[in-house]
Amino acid sequence: MLRNAAILSAAILTACAQTAPASAPETVEAAGALQPTATRIFSSGTIYTGLGTETVDTVAVNDDGRIVWTGSIDDLDAQVEIEGAEFVWLDNAFMYPGFTDGHAHLIGIGQRELSLDLSGVKSLAELLETVAAQDEELPEGEMIIGGGWIETDWPEGRMPTAADLDSVAGDRVVILYRADGHALVASSAALEAGGITDASEDVSGGKIERGADGKATGILIDNSMTPIGALIAAPTPDGVKRAFVEGANVYVERGWTGVHNMSVSPGHASVLKALDEAGQMPLRLWNAFDAEGANIAEGHLFETDTITNRAVKLYMDGALGSRGALLIEPYSDRPDTSGVVRTSQEELSAQMRQADEGGYQLAIHAIGDLANRHIIDAFEEGGYGPEKRWRIEHTQIVNPDDIKRIGEDGLIASMQPSHAIGDLKFAPARLGFARLDGAYAWQDLLDNGAIVVGGSDAPVEVGSPLIEFYAAVARKDLEGNDGQGWHPEQALSRTEALALFTSAPAYAAFMEDDLGTIEVGKLADFTVFDRDLMEVPEADILNAEAMMTVVQGEIVWQRAK
């Protein structure tokens, strides 16, 4: 893995040197002109600039896709050359700086749309009914592949097992990933095909769940999933393209203008560039590549005006729901385990040295309090500073003593608000109430000087900007409920929540001079909703609809009137 990361660093530097965003507009003085020239003007709505609570009603954009003026339409003629400009009427809708999902997996979003989606099943019985129906439809010998299930609210109160799958699918290979992507359930036929038996030993960074009789249940966690994942045929080139395009189209329809795209296969970089050049990638992408990928080659990494390749994704631990998150103390509901170690502190320190020497960014998955502490310790021991803009992806369970250290060190906390409103239904059982003091602690991190980036982790979660914004400001589930240990004081103001998805992702991507707010000189990335997210009752946020998505001045999606 270290060798691959070293190769990747050189490739990223090569790629970053190839292209740069469109240049900022010349100043009036430099151009010798009295007025900037606009080619597209957005008006007749309320436009939140992201500069505090400031609003304007008109934004003018030039043919480079940059903002040349903001203000009142009453002043437009006197300030901007508008001859031949296209007017885009917002019809009293509400525009914001472009919403960016600070942590998602774009290919997984597309694959979810194209495969057996179990994210909506409400019980084990419903999951088995879905599998049984799929079994009847598919030809003999074809695998059933799906994902998105999560058992924490199921009336049965347990995960599915191989025996459950066997009861409805017989000897068919069935592989169903848990929503967090850190666990799966496999049928007996799948276990046999993957060479996993009752006698198989746990691998480093993985776990085979076993029943009271010591036999494998069919649940595999983190690195133990590898032999089963290998059974799934690698997507064809057309399949990869289709998944990326499907995911991107879904996302712009929801109002996202950009994605910090995690765990990208290095071989997919050229695919993304080709899609962008063919006009099939409407999103702005910042890619974090999987350093564990084999045969990383410089030729795979290319950038465009809307694609940035500058980061490597590492994993310290697994997920809380599947008890793979690495904890300082054992799980409250499973004292026999404290989670899994996917990257040791020694390996992490070596990765940090390589990133420092190679000049690339690190995005490091850490959910448990010990995993987060290991990152902080290694960062401080290496003497690194905030100029690195290295990121902790999830920053989910943090010991209260470590929260201040994150802000002081300049580590970026990349967090997903919807994780809190889902996980807090089972987190008290996993952690006990005392450890929730540092869980999903967005406000405490902000108060201690940390940059907090908001994301969704889709396809683990739905991937809706409205759900994420709501979760950040309400800290309640989608029905408006909360519970003991939910710490409502961690909820954010509307202004803070907006920054999570606009200016904070821009900073984390080294693009704060180009994105994150609506002001002169910046790229024209805008999200338009039908209602005022900054003022409506919090429950009404979930009823909002995306109306228009604009990337670099171009309308990449618009709701039909």
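One aromatic cluster is formed by Tyr48, Tyr96, Phe99, Tyr251, Trp256, Phe469, Phe501 and Phe529. The model is a predicted one, in which local features need pLDDT of at least 70 and side-chain atom pairs count only at pLDDT 80 or more, while totals for chains, interfaces and linings use all residues. Residues are numbered from 1 along each chain as its sequence is written, and side-chain values use heavy atoms, with hydrogens and water left out.

Searching the whole structure gives 14 aromatic pairs (rings of Phe, Tyr and Trp, the last by its six-membered ring, with centres within 6.5 Å; planes under 30 degrees apart are stacked, over 60 edge-to-face, and the rest tilted). Phe99 and Phe469 make a tilted pair, with 6.4 Å from centre to centre and 50 degrees between the planes. Because Phe99 belongs to strand S6 (residues 99-104) and Phe469 to helix H17 (residues 465-474), this pair ties together parts that are 370 residues apart in sequence (helices, H or I of at least four residues, and strands, E of at least two, are DSSP runs numbered from the N terminus). Phe99 is buried at 0% relative accessibility, and Phe469 is likewise buried, with a relative accessible area of 0% (buried is under 20%, exposed over 50%, partly exposed in between, with a 1.4 Å probe and protein chains only).

Charged side chains also meet rings here. Arg389 lies over the face of Tyr507, 3.8 Å from the ring centre, and Arg475 lies over that of Trp442, at 4.6 Å (NZ of Lys or CZ of Arg within 6 Å of the ring centre and within 35 degrees of the ring normal).

Turning to the strands, an open sheet of six has the order S7-S8-S9-S10-S12-S11 and mixed pairing (two strands pair if DSSP finds at least two bridges between them). Strands S7 (116-117) and S11 (206-210) stand at the edges with a single partner strand each, so one side of each has no neighbour in the sheet. Strands S9 (residues 174-178) and S10 (residues 183-186) run antiparallel and are joined by three bridges; Ile175 has Ala186 as its bridge partner in S10.

Finally, the largest nonpolar core has 97 residues, of which Leu283, Leu320 and Met352 touch the most other members (a core is a set of buried Ala, Val, Leu, Ile, Met, Phe, Trp, Tyr and Cys residues joined through side-chain atoms within 4.5 Å). Helix H9 (residues 237-254) supplies the largest share of this core, eight residues. Apart from it lies another core of 20 residues, including Leu116, Leu128, Ile144 and Met159.
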